[in-house]
Amino acid sequence: MTNLIPEKKGSSVMPNIDPIIHIDKQLCTGCRRCASVCPVDAITGEAGTPQSIDAHRCVICGQCIQACTAYAAESEPSLASRAEKLRQRGQVSSVREPLFAAYSTGHGLELKEALADPKRHKVVQCAPVIRVSLAEEFGLPFGTLTPGKMAAALRRLNFDRVYDTNFGADVTIMEEGSELIGRVMSGERLPMFTSCCPAWVKHAETTAPQLLEHLSSCKSPMQMIGALVKTYSAEVDGVDPADILSVAVMPCTCKKFEAGREEMNVDGHQEVDLVITTRELAQLIKDKGIDFINLPDEPFDSPLGKYSGAGTIFGATGGVMEAAIRTGYELMTHESIPNLQLDFIRGDEGIRTAAVQIGDLELKVAMVAGLKYVSSILEQVAEGTCPYHFIEVMACPEGCVSGGGQPKLLLETQRKSAYQARKSSIYRHDANQKVRKSHENPAIIKLYKDFLGEPLGHASHHLLHTKFISRSAKEELS
């Protein structure tokens, strides 16, 4: 397994990791359930024989992992083989759950060793949906909301700072919303696509590189937090960025790929050194013997831990769009948005469209939940007939709540109710926040006042924006 953690102070960007998603041919029965949920037809093989993954086509969304039912149980007679498989998969040796044929490269074992290093300043961020799904791994009902217990557990794992990707979501809205307003006013490079979902970005780079100028240049909330951890937060804490271990807990297996992209660095430092999934965090908590259910609620740390309700809804399909409209409406009209809860944006798998009146502008938007639905939109953009200004694309069926790194649902009948419970919990968390618009988050206002200056300014462009590259097969062969 590729080591992602810089071993020497000041070391440069770590290499990308690939392929991340694997199928264990010793365990695969060839049932092809994985192939049936793959949105890009990256899984090949005859029924009844072990399957293979086309790494070039694969978007690393991990839906095959969620669907896989072929496994080796803990009671498998060859325990030595099981121990070796755990090591190969990057999992801690205490894991007791079945080993399924489809799996992602893990980093729990690597992180456990790094957390024991007293010389490192260890910083972690958590995606919006981890707090509505982590408790499922400890036997609590679907969608149980536990942000305070999660923060407490992370401190007991030996992290020095516990930050929140929700803060990065608020920063994203400031940058992406400003970018959208600029494009709408100029009429250039429309429609604009969101760029928060790394699986969608990889798919666009692979199948539609000629349309990449339509993607927002914003990094994802995870990468924005990573950049701020090694600059703004490092300044606040008086820590050398080279001494920081930046970790992210994500519902998404493709975030491991995103963190390893060469362009995701700031001043020579990898922005996010390690990514673990929701399941990997639960395994580390169990490995440490932490009584998660009885932990007290603890707050996130400042300055990157205060978030708005808009930041938290990023975890559901339509959430980025709803958060952007809350802020975009007020920045463009200088009036309060009449209703914060935009039910017409919310929904399930598939394509939803809407028209939003913002002053004199009728903003036309589309939300794509599930990568298999995006091809018709891409065809419209290529033909110049796409009617929308702003398009949100999430690769997984209902956004991050259904990510490949989320708790595995062993019964297909549980899937819909689990997704619905996680989404309801996210929206309830938003409704209970005092601040529900990104531009009104006091910590965001302070960030721009003290450090960034203004959205789309020089510092923002240096730290928070990026470029995407073609990954077409033709160019890779040339």
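Two aromatic rings of Phe, Tyr or Trp form a pair if their centres lie within 6.5 Å. By that criterion, five aromatic pairs are present in this structure, which is a predicted model.

**Aromatic pairs**

Among the pairs is that of Tyr 71 with Phe 100, whose ring centres are 5.5 Å apart. Their planes meet at 50 degrees, so the arrangement is tilted. Tyr 71 is partly exposed, at 48% relative accessibility, whereas Phe 100 is buried, at 12%.

Another pair is formed by Tyr 232 and Phe 451, and this one is also tilted, with 5.0 Å from centre to centre and 40 degrees between the planes. It too links distant parts of the chain: Tyr 232 belongs to helix H8 (residues 221-237) and Phe 451 to helix H15 (residues 442-452), 219 residues apart.

| Residue | Relative accessible area | Class |
|---|---|---|
| Tyr 71 | 48% | partly exposed |
| Phe 100 | 12% | buried |

**Packing of helices H6 and H12**

Two packed helices are described by the angle between their axes and the distance between the axes. For helix H6 (residues 165-186) and helix H12 (residues 319-333), the angle is about 65 degrees and the axes are 9 Å apart. The crossing of H6 and H12 is right-handed. From H6, the residues Ile 173, Glu 176, Ile 181 and Met 185 take part in the contact. They meet Val 320, Ala 323, Ala 324, Thr 327, Gly 328, Leu 331 and Met 332 of H12. By class, this contact comprises eight nonpolar, two polar and one charged residues.

**Cysteines**

A search of the whole structure finds zero disulfides. Cys 64 is accordingly in no disulfide, and the nearest cysteine sulfur, that of Cys 34, is 6.4 Å away. Cys 64 counts as buried, with a relative accessibility of 9%. For Cys 400, the closest cysteine sulfur is in Cys 252, at 6.9 Å, which is too far for a bond; a disulfide requires the two sulfur atoms to be within 2.5 Å. Cys 400 is partly exposed, at 27% relative accessibility.

Key. Residues numbered from 1 in each chain as written. Predicted model: local features only at pLDDT ≥ 70, side-chain atom pairs only at ≥ 80, totals over all residues. Heavy atoms only, no water. Buried < 20%, exposed > 50% of the residue type's maximum accessible area, 1.4 Å probe, protein only. Axes fitted to C-alpha atoms, helices over the stretch in contact; angles between N-to-C directions. Helix = DSSP H or I, 4+ residues; strand = E, 2+ residues; numbered from the N terminus. Left-handed = near helix turned anticlockwise from the far one by under 90°. Contact = heavy atoms within 4.5 Å. Nonpolar A, V, L, I, M, F, W, Y, C, P; charged D, E, K, R; others polar. Phe/Tyr/Trp six-rings, centres within 6.5 Å; stacked < 30°, edge-to-face > 60°.
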